[in-house]
Amino acid sequence: MAIVNSVNLGDVFDVEAAGDRLALIDCRDWDTPREYTHRELDDAANACARGLLARGYQPGERIMVLSANRAEFYIAYMGILRAGMIAVPISYKFPTETIFFILTDADIRLIICDDVQRQRLQTDLPMVCFDDDGEAGFQALLDPGSFEIFRPSDADVAMVLYTSGSTGRPKGVPLTHFGHLWALRMRTEKGGPYDHHRVLIAAPLYHMNALCVGLFTFAAKATVVLLPEFTPETYMAAIPRFQSTWITSVPTMLAMCFADPKLAAKTDLSSVSIVRMGSAPVSPKLWERVTGAFPDANIVIGYGTTESGPVAYGPRLGEAPPPLSVGWKIEGADTKLIDAEGLEADEGELWHRCPANMPGYLNLPQKTAEVLTEDGWYKTGDVFRCDEGGAYYFVGRVDDMFNCGGENIYPGEVEKVLLAHPDIEDACVVPIADEIKGFKPVAFVVPRAGTTIEADAVKQHALDNAPAFQHPRQVEIMDALPLAGPGKVDRNGLAARAREKWQGAPQTETG
């Protein structure tokens, strides 16, 4: 069924129009990738739905998917939804303790996983393994045949995604069929056609970024090139090998690809016509590198949240957003910026209201009340500014902002200044407490490959190019910044490191 007529988020294939077209290249076996047509994936999703019902699982029950990227992940996800059950894809990088918390929090009835995760979990819950050829395997679950897809109400939940939990236990985010079909239509029905594209996906499928891009690609009758996980070498190699025309990534992933000039120089990138980055800020330095590497490509910074979907801002038809902008308001999505006084302004916290908004966090009514207003606005915690032309730019996180001697500092603004230095490859700025100033910025910096930089030079660069109160009072040079979640810097971990290392240390004050 075509996406235009679908009511179930697991039903995105237009088999009549694109059944025999290539839908997916699964690169789990790099030497011999496996290919699937749209019809084959559609049939497999039906077989999964039939198998789940045959084993007694009921609509509304929650089923966990726990695996690295592979074709079966998509098949299981869509099969669960088609049967009217709720998919709970979660990070296989979560600690085991966190996974067991989610098993209870989400009331999981079945775990579908790969063998690595099966060996890791000791549980009485039933498990189906992608890598098992026997009765406990995924192939044994499949029951080929036609299937009447479950027709959900507008309020029926399709999936529960869990936040990374960097500040505590992760929060479950229920998302509806209706809301995310709306988001999917907003993306597929603007511009196009897209059916000639090969879309490279290396971000994990448990994350909104990769999951939604894959559904978009299938709905657009195009082809997904799926890597099991991200490494700079395989990501770059996959572009010329599979003639990828559309690449999508968390910005950190592309930054890692271009950190080694030799890797980029030896890679033929000419097939790429669309570059989409999202889920984290894009630095001016990375923007310059990406535009230089893909001079003829349409380069877009996407914005979305797990709680309110992947659609808030975007390009206008025939008009690219200004550099480093996420674009303009999308029709059908309400947004407003709220300043510290609670008034609408040109800079402030983004409030977002659209059909893709979550109904509320799972089992967390108090937290839900903190972020969802009675009239449906979701308070994102992200600070944006709007320019005179109506284009929006990410500034920072409300939670990350701190006050230094009466001046508000957004770490992202200081990081942009540091990254403008030619010998700085990456940077993270965090606060430490100060008896006089309240808080002071400190920085962790990664030098560009083949160069060195001293801490004093980092401080002086900040003093020369930004207000004095923003300059980092302490600097640690690192080989790489630690990551938390899909391609995001572990800001909380670095803040803890800074407190342990520098809290209370004497500091030379300038400004």
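This is a predicted model: local features need pLDDT of at least 70, side-chain atom pairs count only at pLDDT 80 or more; totals for chains, interfaces and linings use all residues.
A salt bridge, as I use the term today, is a side-chain nitrogen of Lys or Arg within 4 Å of a carboxyl oxygen of Asp or Glu.

Some background to begin with. Side chains of opposite charge can pair when their charged atoms come close. In this structure, a search of the whole model finds 24 salt bridges. One of them is between the side chains of Asp-42 and Arg-82, with 2.7 Å from N to O. Asp-42 sits in helix α2, residues 38-54, and Arg-82 in helix α3, so this pair links distant parts of the chain, 40 residues apart. Are these two residues buried or exposed? Asp-42 and Arg-82 are both buried.

The next pair is Asp-400 with Arg-491, where the closest N and O atoms are 3.8 Å apart. Here too distant parts of the chain are linked: Asp-400 is in the loop between β19 (392-397) and β20 (402-404), while Arg-491 is in helix α16, residues 491-502, and the two are 91 residues apart. Asp-400 is partly exposed, at a relative accessible area of 25%. Arg-491 is partly exposed as well, at 23%.

Helix α16 also contains Lys-501, which pairs with Glu-476 in strand β24, residues 475-477; the pair therefore ties together parts that are 25 residues apart in sequence. The closest N and O atoms of Glu-476 and Lys-501 are 3.1 Å apart. How accessible is Glu-476? Its relative accessibility is 10%, and the cut-off for buried is under 20%, so Glu-476 counts as buried. Lys-501, in contrast, is partly exposed, with a relative accessible area of 45%.

There is also a network: Arg-28, Arg-70, Glu-72 and Asp-131 are joined into one by salt bridges that share partners.

Now to strand β3, residues 62-66. Four of its five residues are buried, so the strand is largely enclosed by the rest of the structure. Which strands does β3 pair with? One is β4, residues 86-89: the two run parallel and are joined by four bridges. Within that pairing, Val-65 has Pro-89 of β4 as its bridge partner. Another is β5, residues 108-113, also parallel to β3 and joined to it by five bridges. There, Ile-63 stands opposite Leu-110 in β5.

Finally, back to helix α3, which holds Arg-82 from the opening pair. Helix α3 covers residues 71-82, and together with β3 and β4 it makes a right-handed β-α-β unit.

Methods. Residues are numbered from 1 along each chain as its sequence is written. Side-chain values use heavy atoms; hydrogens and water are left out. Buried means under 20% relative accessible area, exposed over 50%, partly exposed in between (1.4 Å probe, protein chains only). Two strands pair if DSSP finds at least two bridges between them. A crossover is right-handed if, with the strands pointing away from the viewer, the path from the first strand over the helix to the second runs clockwise.
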